[in-house]
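Welcome! Take a look at the sequence and the model, then read on.

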Amino acid sequence: MKKDFAVTQLSTGDLLRAAVKSGSELGQRVQEVMESGALVDDDTIITVVRDAITQLDASSGFILDGFPRTVVQAEKLDDMLTEAGSKLDGVYEFRVDDELLIERISGRRVHPASGRSYHIKTKPPKVEDLDDETGELLVQRPDDNEETLKKRLASFHEYTAPVIEHYKSKGILTTFDASLPPNEIYDQLKVALTK
Ligand code: AMP
């Protein structure tokens, strides 16, 4: 993504994981919630996103990943952007059945420092459990186990699915079939983003 588009990616999951790792007050407050598979409360997330947007150079645009996850967050985001004299250009949904998602996420291994991600079956590293570029150890996210995933999916269906309707009604939603291979989806995304 970064090699094709000169935009900043802002991932709320990454921001929260960094806070947990640093042991900050925010990190200590959200760690248990994240590990349980529940959503962090709206006020906390909105503050995190507001701070992050204020700090970045938004002139070249940015991509929000993992946010908004509730209708309240979506409405607050609309307000924040309106206040800043801006608006969302597009919203992109990557749709995949729960069963396939569980298979993909439970086999995911990540290299925390770079964000590179692997899959034990479909995209294994050259050497088991080691990052291809640095040789450092790969880890499994504590919430990437089947039990927690089921809770994350339940949160998705209850709180996040309505966000899709929110943007559909605004006419800015594009949906991709994310069961396709990653390179095919990425090609489709590039076409959509350059429109
Ligand atoms: P992710 O990396 O996007 O899968 O997020 C990991 C976890 O961080 C989620 O399961 C939630 O506990 C929390 N989280 C990330 N983004 C949000 C959000 N927008 N609203 C609430 N919780 C979030």
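## A first look

The 25 positive and 36 negative charges of the protein have mean positions that lie 3 Å apart. Please keep in mind that this is a predicted model. The points below go from the overall build to the cores inside.

**Fold and overall form**
- The protein has seven helices and six strands.
- Starting at the N terminus, its elements follow the order β-α-α-α-β-α-β-α-β-β-α-β-α.
- With a radius of gyration of 17 Å, close to the 16 Å that the globule rule gives for 195 residues, the protein is as compact as a globular protein of that length.
- The C-alpha trace spans about 50 × 40 × 35 Å along its principal axes.

**Surface and contacts**
- The protein has an accessible surface of about 12300 Å², and 52% of that belongs to carbon and sulfur atoms.
- Of its 195 residues, 33% count as buried.
- Taking contacts between residues at least 6 apart in sequence, 63% join residues at least 24 apart.

- In soluble globular proteins, nonpolar side chains tend to be buried together.
- The largest nonpolar core here holds 25 residues, and Leu16, Val49 and Tyr167 touch the most other members.
- Two or more residues each come from helix 1 (12-22), helix 2 (25-36), helix 3 (42-55), helix 4 (71-83) and helix 6 (146-170).
- Helix 3 gives the largest share of this core, six residues.
- Leaving aside residues up to four places away in sequence, Val49 touches Thr12, Leu64, Phe67 and Met80.
- A second, separate core has eight residues, among them Phe176, Ala178, Ile185 and Ala192.

Methods: Residues numbered from 1 in each chain as written. Predicted model: local features only at pLDDT ≥ 70, side-chain atom pairs only at ≥ 80, totals over all residues. Heavy atoms only, no water. Helix = DSSP H or I, 4+ residues; strand = E, 2+ residues; numbered from the N terminus. Rg over C-alpha atoms; globule rule 2.2 N^0.38 Å. Buried < 20%, exposed > 50% of the residue type's maximum accessible area, 1.4 Å probe, protein only. Contact = heavy atoms within 4.5 Å. Areas by Shrake-Rupley, 256 points an atom, 1.4 Å probe, with all protein chains shown as cover. Lys, Arg positive; Asp, Glu negative; His and termini not counted. Charge placed at Lys NZ, Arg CZ, Asp CG, Glu CD. Core = buried A, V, L, I, M, F, W, Y, C linked by side-chain atoms within 4.5 Å.
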